[in-house]
Amino acid sequence: MIHLTSPFTEAQIRSLKVGDAVELSGVVFTGRDAVHTYLHDGGALPPGVSLKNGIIYHCGPVVLKGDDGQWKVVAAGPTTSAREEPYQGQIIKDFGLRGVIGKGGMGERTLQACREYGCVYFHAIGGAAQVLAECITRVRNVYFLKEFGSPEAIWEFEVAKFPVVVTIDAHGNSLHREVLNASREKLARLAG
Amino acid sequence: MILHFMTDTLRASLIELIRRTSAEIPDDVQKVLLESLEQEKKGTIAESALKIIQQNIELAKKKSQPICQDTGTVLFYVDAPAGFDQIAFQETTRDAVTAATKLGYLRQNSVNSLTGVNDGTNVGEGAPVFHFHQHRSPEVRVRLILKGGGCENVGVQYSLPIEKLKANRNLDGCRRVLLEAVVEAQGKGCGPGVLGVCIGGDRPTGYEFSKRQLLRKLDDRNPIPELDRLEQDLLHTSNELGIGPMGFGGKTTLLGVKIGALNRVPASFFVSVSYMCWAFRRQGVVLNAEGKIENWLY
């Protein structure tokens, strides 16, 4: 198991390989469909949010406000990343991301951006909203809550030992491409 | 008598149905997930994915919190006798859905498609979804499926024949497009998943009937022999494809396949697929005359 704490250096990220199990600690920002379209179309990050050398997490959490006024994360697993494929490469380039957390994998443009700018795709376990919420130790802030609604807002989380697997590395390798090609070949044999 | 449900009692029963559906995996699904964990090769990322899934199931139940943050489309299937007041039932259910959202059993998950506004209630045009069915029994049965968007997005409908898949208008053609659907889905629908399938029908009926197959328990067997054979074959063959949990590679690609068939018109031959993720949230209750939960169905 590899342990990494954000912010990351390019060298740390480039040392990772497809199949590596990693535990992440530090700050992550959530961002999903609305945030990706907004940033891709030239929107500015709100003051206080920096993605440089950091992570964006494809996640629309369930967060409740307690009686003490503190946010409490009730459930927070990854959402399907494929929907951000049209935007992700550009956002990696423009904002200096070192990691993207999501599920289901991403395509060629993200893979190229990971290779070119030194970023990786961390696959979290889809649906594991409780295990992953336990790894969120603090909600530091929330941005665009009113504009985008709770699931689509940018949540700033502190995480500890958040479990992920590298499925796209910074060297042009993708577990998703490998498994797709292998399963296509098997299907051709099995279906006749 | 069943026409006089106590509104508060019914509301409380429905909130409890939503809570349990969101936080607890049904026994039949849990059993198959545990078996698949046994079968995966030790030390692989596929095994570790299934272990995290198991931890998650235990934690969600213990904390009474959503198994998955995407609490999905809220689908009610209601079987009731003639004379049952569907309008009153819908009103109370909508209240219960909003209350369950405030309690964190459901995410604020319903968005106006035109304005993009999410008012946080989970109630709106077409939300939640109701399917009412009248039956001869005096019993009122309410079943609930919470279906996440990731798996709903990998659902698909084929119109046969499809030449490039060598899929003709017969069971072999159905098999070919269904295996294609599994390969296309890869890990994107949060596998290992379950295929709900409808052969035939028109487009919307086919999709609806494919989703309805997900009400069946995973360990039941199809009473129609050729569909039973196709279900077993597809389950076995899909698990040979090596897609594995989350698409990480591995032995468990599907947990089950459930197929129904409807008549079609001569010109159409649809095969519709609803893919359900491993976080298979399905529960049901029988209600007594006051609207209290009498027993659980899964």
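**Contacts, cores and domains**

Guide: In chain A, 63% of the contacts with a separation of 6 or more join residues 24 or more positions apart. The model is predicted: local features need pLDDT of at least 70, side-chain atom pairs count only at pLDDT 80 or more, and totals for chains, interfaces and linings use all residues. Residues are numbered from 1 along each chain as its sequence is written, while chains are lettered from A and ligands numbered from 1 in the order in which they are written.

Visitor: What makes two residues count as in contact?

Guide: Their C-beta atoms, placed from the backbone, must lie within 7 Å. Leaving aside neighbours within four places in sequence, Val120(A) is in contact with residues including Ile13(A), Leu16(A) and Val166(A).

Visitor: How do you know that the radius of gyration of chain A agrees with that of a compact globule?

Guide: The radius is taken over C-alpha atoms, and the globule rule is 2.2 Å times the number of residues to the power 0.38. For 192 residues the rule gives a value near 16 Å; chain A has 17 Å, and therefore the two agree. Along its principal axes, the C-alpha trace of chain A spans about 60 × 30 × 30 Å.

Visitor: What share of chain A counts as buried?

Guide: Of its 192 residues, 50% are buried. A buried residue has 20 or more other C-beta atoms within 10 Å of its own; 12 or fewer make it exposed, and anything in between partly exposed, with C-beta atoms placed from the backbone.

Visitor: What makes a group of residues a nonpolar core?

Guide: Such a core is a set of buried Ala, Val, Leu, Ile, Met, Phe, Trp, Tyr and Cys residues joined through C-beta atoms within 7 Å. The largest one has 136 residues, and Val120(A) and Leu178(B) have the most contacts inside it. Strand E9 (residues 154–168) of chain A gives the most to this core, with 9 residues. Strands are DSSP runs of E, at least two residues long, and helices are runs of H or I, at least four, numbered from the N terminus.

Visitor: Which parts of chain B are called domains?

Guide: They are domain 1 (2–24 + 67–148 + 281–296) and domain 2 (150–276); the bounds come from an automatic or database domain assignment. Their C-alpha centres lie 27 Å apart. The contact between them takes 8 residues from domain 1 of chain B and 6 residues from domain 2 of chain B.
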